[in-house]
Amino acid sequence: MAPLHFQTIAELSGRLARRELTAVELIQSLIARTRALEPRLHAFNSFDEADALAQATASDARRAAGQVRGPLDGIPIGLKDVIAVTGQPLTASSKILQNFVSPYDATVTRKLKDAGAVLFGRLNCDEFAMGSSNENSAFGPAGNPWDTTRVPGGSSGGSAAALAAGEVIASLGSDTGGSIRQPAALCGLVGLKPTYGLVSRYGLVAYASSLDQIGPFGRTTEDIALVLRAIAGHDPLDSTSFKAEVPDYRAALAGPAPRRIGIPKEYFGEGLDPEIAAAVEDAVKFYRDRGCEVKEVSLPHTRYCLDAYYVIATAEASSNLARFDGVRYGHRSKAATDAIDLYAKSRAEGFGAEVKRRIILGTYVLSSGYYDAYYLRAQKVRTLIRQDFLQAFTEVDALLTPTSPVPAFKIGEKADPLAMYLLDIYTIGVNLAGLPAASVPCGFTSGGLPIGLQLIGQPFKEADLLALAHTYEQAHEWTRRHPAL
Amino acid sequence: MDFEAVIGLEVHVQIKAASKMFTRVATGYGEPPNTLTDPTVLALPGALPVLNKAALDAIIKTGLMLDCEIATVTRWDRKNYFYPDSPKNYQLSQYDQPVCRHGAVEIELPGASLAVMGEHKKIELTRIHLEEDVGKLNHETNDSLIDYNRAGTPLMEIVTEPVIRSADEAFAFLTSLRQSLIYAGISDCDMEKGQMRCDANISIRRVGETKLGTKVELKNLNSISYVRDGIVTEIKRQINVATSGGTIVQETRLYDGETGRSASMRSKEMAHDYRYFPDPDLMPVRIDAEWKTRLAAELPERPFAKQTRFIEQLGLPYSAASVLVRDRALADFFEAAVKLGAKPTAAANWITNDLLRDLAAANLALAASKVTAAHIAGLVALVEQGAVSSSQAKEIFADMFQTGDQAAAVADRKGLRQSSDTGALEGWCATAIANDAKSADQVRSGNAKAINALKGAVMKLSAGKANPKLVDDILRRLLVG
């Protein structure tokens, strides 16, 4: 059996139930490990040991009183530092929110609390979730547990790194253009970007509202199923949240998985690392050998995904981030002389380069005279991209692609923003189309770095998607490998 | 050379709603600063808006009442601009898919006198859309304090076509709009509380020209009278500029109703680029026929329709009808009295003359009146039956107003009933004739007017209780035969 810190929710909740372990012992073990690893890893922006211990103590008390709230009760789960937790910092890895403490809970936070989870730490990320490497954090990059000189991926890099390193048992991230799937791939984890609207965004610091979605990182699809069950469902506080019953995703893992798999030909072109291509082809072979019908499909508008994404996402971001102005909360410049100066200086001092770049781009594409040429056009392209996917789903049940074109790269290696944007080419289309997609470990490079396989499902069919991923996971050892830290 | 004015109005009206437009926080006025807030109102990181359907109901009802086209799909846009009273630095508003388009407000211009109906016109509307209000800045010596209590309160913006031609028309427009909104319970339109605010776009041109002149926006018009005064002042200013060879510049001016002066606030060069785009946090809303039908059923009779009905069906004079319909509660009060059997003209007279006068003198609202529709009906009935004289009725009314007793009870308590007892009346008449032989002779010899002296004497003898009609009959019978 793996050491405590590398066990799954499923394993640990069994041990807690059998009284082989207490929630306090579990969190104490993780706190000790976190203290030891953080100087090298920097997966956390902050963690509140006393608060985590108090939650664990309460969980043990519930268990003693026979009032266990389910499989997550007592399980330490980390949250990306863009998800609000009452009384805890909410920095979005930005200097502009450096000293901000949230006075309220995000809906996912409340749901995890209701499920008895021990919420542990504020996990590092790219500033305002903008980035693909976690290097845009105002508080410094997180390291990849498989090689701490490398990035864990972004923007939910801290959520992936903390879990891969065994500092938490599961974590939540947010995914606007691949920010859960890409770090999951680079850190050897399962990561799920749910269908847009399945999980409430209330309390998630907004980057691009029409694309953002909160989702779980887990060691296994089973853990993903358990966390998703807890956080999904209609929220009256989020008007874009979907009204539907939340299925028992864990039970669905054992059920029949989709049998018709599409391989989008546009996803296997230039820029794809050969070792990743080979690993993904092995996965294709696996499904074919298991009797699945595998066929090539086309998503003809794929080449416009990045362009449409950077117009829509930055347009929304320029508006969403306008509230960070130094007036009500967050950083306020001490040098300001009047209201306009207060905005200009507070924002100039508070935001990092990538955030400023995107705000400027977004302001430009929305400005009068350019709206039709950029924003409106990008929305039309978005519709075509979504139609591509829905057309493909008339022939197949799920799509299989690489998650990232490259494995984890060195911190500081990619200095060109445009080169960085290209890392999201396989993940962005899913956000534009609002679909669910998971990244599942599918091997390692010769250099020992994890490789991820992306499975894309139909809207609100997470149960099918997870069942498909589960089939693969069960037949492979990848999820049982852990970094030596 | 004659000039004419071209005026368009933009009216902001706070919708009467229990909670704010995009959260469940209560709306209110006069609460301690920043108590009516939550994460959404304060635009905390992560907070999201959720539409309050009551605000949408209110604007749909307004649109139905003003004959607007109601959108089948409506959505919300972000209007981006930085200002400290705007917590998100964008305002949720409606850009290209407002709830209401077109429609009109019927207005009545002042007539030749209060007794004569003035000309009716229709002022066409461009659109009515929903948006949220902002907070309030309080500037102190070195600090600016912000109160976000008002932020997020549902507002309607009602925009007219540039078809208003005078300050009087603008005044009539606002009066009529206000009346309709209050009738339907959409807003109290209390301008002192900022529930109704108006901006006017004013330009002038030479009579006969069709091209629009350079427009000036007049802001901060916070009473209907200020709107009228501000427009008059601005038209004069523009004509002065034009006739003295100057150029009218496109600008926004602030009008101060206290001093009657306006000053430039900003010129066109500083116009904002609002970067409107559809709010991705809010879903478009489909408004179906069933929804509209349900709301249409809740609409009140329109004020001018009521006025016409009062005149044509109930036989009221224009002056009384126009007073009664000014306030829906007053019109309802009147109709209740009629329903209880009161003759409409008599009831209208009591209400518009006596009741309103006494309420005003006592500084009371109609709702606080001890005199109810039933009191009016009772009093009218006493007069109709001939049980009390008109002067007795006045006395009864004054008593009812103070005590709240019903008319009949007051009449009984004070012994204020006319005597129709023929025996007593004949006795008083005979006495009067005996006491004033001169007048009696004059009547006998054909001077009809002389009967009045005798009637006066009878009233005196009866301490005012004699029924004048019967006295007249008896005197004529006794004298002329």
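This is a predicted model: local features need pLDDT of at least 70, side-chain atom pairs count only at pLDDT 80 or more; totals for chains, interfaces and linings use all residues.
Helix H3 of chain A covers residues 49-64. Its 16 residues reach 22 Å from the first C-alpha to the last, close to the 22 Å expected at 1.5 Å a residue. At the N-terminal end, A:Asp48 caps H3(A), with a side-chain oxygen 3.4 Å from the backbone nitrogen of A:Ala50. After the helix comes A:Gly66, which has a positive phi near 70°.

Buried in H3(A) are A:Ala52, A:Gln55, A:Ala56, A:Ser59, A:Asp60, A:Arg62 and A:Arg63. These residues lie on the same side of H3(A), because they cover an arc of only 160° around the axis. An α-helix has 3.6 residues a turn, so residues three or four places apart point the same way. The exposed residues A:Ala50 and A:Ala64 are on the face of H3(A) turned away from the buried side.

What do the buried residues of H3(A) pack against? Their partners are in chain A: helix H1 (9-17), helix H2 (23-41) and strand S3 (118-123).

In chain B, strand S14 (residues 251-256) and strand S15 (residues 261-267) run antiparallel and are joined by six bridges. One residue to look at here is B:Tyr255, whose bridge partner in S15(B) is B:Ser262. S14(B) and S15(B) form a hairpin, and four residues lie between the two strands. In the turn, B:Gly260 has a positive phi of about 75°.

Terms used. Residues are numbered from 1 along each chain as its sequence is written. Chains are lettered from A and ligands numbered from 1 in the order in which they are written. Side-chain values use heavy atoms; hydrogens and water are left out. Two strands pair if DSSP finds at least two bridges between them. The expected span of a helix is 1.5 Å times one less than its number of residues. Buried means under 20% relative accessible area, exposed over 50%, partly exposed in between (1.4 Å probe, protein chains only). The arc is that of the directions from the helix axis to the C-beta atoms. Contact means heavy atoms within 4.5 Å. A polar contact is a pair of N or O atoms within 3.5 Å; within protein, one must be able to donate a hydrogen and the other to accept it, and residues adjacent in sequence count only if both atoms are side-chain atoms.
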